[in-house]
Every structure is written in C-alpha cells, then in structure tokens.
Amino acid sequence: MESENEPGTPQRFAFGKNWRRFLEHVDEERIAAAEDSLRRLLRREELIGATFLDIGCGSGLFSLAARQLGAQRVHSFDFDTQSVACARELRRRFEQTRPFKDESWEEGAEEKLSGWTIERGDILDAEYRDRLPVADVVYSWGVLHHTGHMWRALEAAAELVAPEGLLCIAIYNQQPFLTGYWKVVKRLYNRLPGPLAWCLSGAYYLFSSSVLFVVDLLRGRSPLARHRGAGPRGMNHYHDVVDWIGGWPFEAAKPEEIFRFFRDRGFTLQELTTCGGRHGCNEFLFRRHGS
C-alpha cells in the first residue's frame, strides 16, 4: 500500500492507485456533480477569468470542473505520481469536448497546455512553492491533513492566495476518541500486505454500506443510488471508503482552530460547513485581505 516517499517524510498512502481505478467511472454526470460542488463551496456560479490552484489534485476532477466553470488558468499538482498521471489522462479523455487541447509533454516537465498545467509537486517543498504563482482561488479538499505536517501545509497554502483571493479547504474534524482510533486503523492498514489490507477495507465497506442501506431506507431513498451514481462531489461510495481508510498520514483539527489560524494570517472566514461533530471533513472558505 505504499506510495513514493522522500527520506525523512512519513509513509504516505498511495492515493493515486485509488484514483486510477476511479477514473474508469468518470463520466458527464460526475463532472457535473463536481462543478455543482465547486459552485456550492466557492459561492460562485462561474470562474470566468480566474486563476485556480488545485493543491493535491488527485484524479484531476475538480481541476476539470474549474476549467468548465471558466477559469482562465488552472494549475494542478500532486505529490503522488499516479495521481498526476490520472489527472493527465482525465484531461486527455475529455479534451475533445472541452475548451482546451493537449500538446506533447515530456515526463517530469511542467505542462502548460492551453490554460491547464499538471505536474508533480509537494506543498511542503519551499523551493517548489517559490515557483508557483499566487492564485485567485486556492483549492485543497481533504489533502493537507495527509501531508504529515498539516499546519506547515496550511501555512504554505495561505501564502499562495492572491490578495482578495479565496482559499477553499476541507480538514478532518478532531474528535475526542475516534480521531485516535482511526489513526490506529489507518496506520495498521498501510502496514498490512495487500491482500490483508484489501480484506480490511472490504470489511469496512460492507459495514458502512449496511449502515447506509438502513439510513437510506428510513429516509425514503434508493439504497443503490450512492453506489451507482455520482455522490455530492462526483465520487462514489467504494472509492470514498478506500480513500478514507487508507488515508495516511492523518491529522485533524477543530473548526475553531482552523478559523483562528487563518484569522491571524489576514484571512476572513466567508463560509463554514461542518460535519456535525462526526468524523469527516469540515469545509472552509476564506478570503485573504487585500494588500
């Protein structure tokens, strides 16, 4: 269950492997769901003329959504090389019906393809960050708490927001007992051999699916809908489960801790959507003060 790791950094879960499998399910419905999610999170109907920085782009789905909403420049990067490959493949697959086209590129070189750059990069690498331009919208959903140095990563993301720009992040909610419990589970999952790790994620998938089956029935929903269609962010339940149980390193924070951190760095909280005290992500939208 390993991904590439540099000496001295915590072992990281191979998110890219999960994204490559998810790519098989990406269609117009999921792209539309991602666009709706961006509109909701950013409280904007479009991004015409904006620059968009996607930190930890994963599958590239939300970079694609930003382009669809009219972002003039999109810069996507991820620590995981398979995630980078996934984002490139997503762009290639949908380029025929999108307002941008592919060009040749060399492995390891920066791509500047009609408004969309996709490359490998590490938010914790100061030398790499120095090469990045500030952006009107900096987006990092469920990423920075997986770097092994969450507060350093949050500080770095803040520096990349243009004056009066927006910062949209999602960070795991800190819980008194369950945060520690999930740290143990996630650490165990990433140390298990592949077959045993698959059994662990499969068991959790069956358990969570059973619980959600009952919840959907009680709420009058189709229990199969979450498995067949696109979820609120264009994802499906299975890949969400693998992403959740495998996500390591793993850190969390209380909403007020995130608020104070960015308030003290010249940001104003625009919107906050919490997970209601449960495990999951709290979503934040900040605006950076002008200078």
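The questions below concern the sheet, the nonpolar cores, the aromatic residues and the cysteines.

Biologist: In what order do the seven strands of the open sheet lie?

Modeller: Please note that this is a predicted model. The pairing in the sheet is mixed, and neighbouring strands are turned by 15° against each other on average, direction ignored. The order of the seven strands is E3-E2-E1-E4-E5-E7-E6.

Biologist: Which strands stand at the edges of the sheet?

Modeller: An edge strand has a single partner strand, so one side of it is left without a neighbour in the sheet. This holds for E3 and for strand E6 (267–273).

Biologist: Which residue in E7 is the bridge partner of Thr 268?

Modeller: E6 and strand E7 (residues 281–288) run antiparallel and are joined by six bridges. In E7, the partner of Thr 268 is Arg 287.

Biologist: What angle does the direction of helix H11 make with that of E7?

Modeller: Helix H11 (residues 255–263) packs on the sheet and touches E5, E6 and E7. Its direction makes an angle with that of E7 of about 15°.

Biologist: How many residues has the largest nonpolar core?

Modeller: Val 26, Leu 38, Leu 47, Phe 52 and Leu 61 have the most contacts inside this core. Helix H2 (28–42) and strand E5 (161–172) are among the elements that each supply at least two of its residues. Apart from it lies another core, of 29 residues, among them Ile 123 and Phe 284. The number of residues in the largest core is 32.

Biologist: Which parts does the pair of Phe 262 and Phe 286 tie together?

Modeller: The two rings form a tilted pair, 4.8 Å centre to centre with 35° between the planes. Phe 262 is buried, with a relative accessible area of 0%, and Phe 286 is buried with a value of 0% as well. Phe 262 and Phe 286 are 24 residues apart in sequence, so their pair ties together helix H11 and strand E7.

Biologist: Is Cys 275 buried or exposed?

Modeller: Cys 275 is in no disulfide, and the nearest cysteine sulfur, that of Cys 281, is 7.5 Å away. Buried means under 20% relative accessible area. Cys 275 has a relative accessibility of 11%, and therefore it counts as buried.

How values were computed:
Residues numbered from 1 in each chain as written. Predicted model: local features only at pLDDT ≥ 70, side-chain atom pairs only at ≥ 80, totals over all residues. Heavy atoms only, no water. Disulfide = S-S within 2.5 Å. Buried < 20%, exposed > 50% of the residue type's maximum accessible area, 1.4 Å probe, protein only. Core = buried A, V, L, I, M, F, W, Y, C linked by side-chain atoms within 4.5 Å. Helix = DSSP H or I, 4+ residues; strand = E, 2+ residues; numbered from the N terminus. Pairing = 2+ DSSP bridges. Axes fitted to C-alpha atoms, helices over the stretch in contact; angles between N-to-C directions. Contact = heavy atoms within 4.5 Å. Phe/Tyr/Trp six-rings, centres within 6.5 Å; stacked < 30°, edge-to-face > 60°.
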